[in-house]
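Here's a quick briefing on how two chains pack together. Have a look at the model first, then read on.

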Amino acid sequence: MNGLRTVLAELWGLFVDDGRYALAIVGWLLLAWLVLPLLQLGGGWNAVVLAAGLLAILVESVLRRARH
Amino acid sequence: MPIDWTHAGATVLAAFLASLVECVEALTVLLAVGATRGWRSALAGGAAGLLLLLLLVVLLGHALARIPLHGFQLVVGALLLLFGMRWLRKAVLRAAGVLALHDEEAIYQRKTQALRGQRGAGPGLDKLAFAVTFKSTMLEGLEVVFIVLAIGAGRVELLWPASLGALAALLLVAVLGAVVHRPLARVPENTLKFVVGVLLCAFGTYWAGEGMGYAWPGGDWAIPGVAGAFLAMAALCVPWCRRLASIGAQESAR
């Protein structure tokens, strides 16, 4: 049981160490998936906006961590 | 299906570099255990961990080939992004001096000291040595397995190049470890993590976009483009974070 808990904790730790950062990534992916098609940008712009949002999340997170 | 080398080259590189980082970390523990508790049990634990990981790759690899591609690309892309963006964030903060760098030599010293404090091994298999190297190989290896499966899984034919990259890293670290018998402290681990983080983010973004059904400008060539954007942004953040951290330190010193 203890071993299983260690493995699960390690697996969780592979993907999440800052909860807010992980939540922002998942939230943005959901938003990009569900909302971008409604905007009808077309011509590859959906993919570009998806990438730009992820870059913005990275920048916000490292600057927030450096500030504190 | 023939291998597309736009993907395969980046896949081999990402799997090789990511595995190199993890293998170096596992080697440090193996060396510490071997030097203090004996090589037989340390190597047996490492080998048992590797066998279990191999089994995991074979089982999961077969299972992945049966899952519908679009939904799968989205899930794998999301997981790769969570994983890769965590690595890249940490690498940026370490490069900026906000977080401490990973020091293999210090970890080796700490491990050997802790193991020397334990009771001596009796005849036969040393359970402690076996358990420590087994656990370390498993945990570091799990990351390698995830990376190989995730970057290869967007297209199943890429699993082979990804596995080859990981295997090459394992062999290289094993040979270097056997020759130098010291932790590979001179491997620029944070630089490797920075590069791997960038590559994983690029693959994750690409697979997630494909999974959502979005067309990428330039098709497969969007991967190096997205990687370039992540690299440029992360590199810009390093001096920016350094400045913010030093301002914060000055303010708290007042």
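Setting aside neighbours within four places in sequence, B:L88 is in contact (C-beta atoms, placed from the backbone, within 7 Å) with A:L58, B:F194, B:G197, B:V198, B:C201, B:F230 and B:A234. This is a predicted model, where local features need pLDDT of at least 70, side-chain atom pairs count only at pLDDT 80 or more, and totals for chains, interfaces and linings use all residues. Residues are numbered from 1 along each chain as its sequence is written, while chains are lettered from A and ligands numbered from 1 in the order in which they are written.

**The core**
- B:L88 and B:V92 touch the most other members of the largest nonpolar core, which has 94 residues (buried Ala, Val, Leu, Ile, Met, Phe, Trp, Tyr and Cys joined through C-beta atoms within 7 Å; buried means 20 or more other C-beta atoms within 10 Å of a residue's own).
- Top contributor to this core is α1(B), with 19 residues (helices are DSSP runs of H or I, at least four residues, numbered from the N terminus).

**Where the chains meet**
- On the chain B side, 37 residues are in contact with 28 of chain A.
- α8(B) gives the most to that side, with twelve residues.

**A closer look at α8(B)**
- There's a kink of about 25 degrees at B:V238, shortly before the proline B:P239 (the angle between axes fitted to the seven residues ending there and the seven starting there).
- Its buried residues include B:F230, B:A234 and B:V238.

Definitions and conventions: A residue is buried if 20 or more other C-beta atoms lie within 10 Å of its own, exposed if 12 or fewer, and partly exposed in between; C-beta atoms are placed from the backbone. Helices (H or I, at least four residues) and strands (E, at least two) are DSSP runs, numbered from the N terminus. Two residues are in contact if their C-beta atoms, placed from the backbone, lie within 7 Å.
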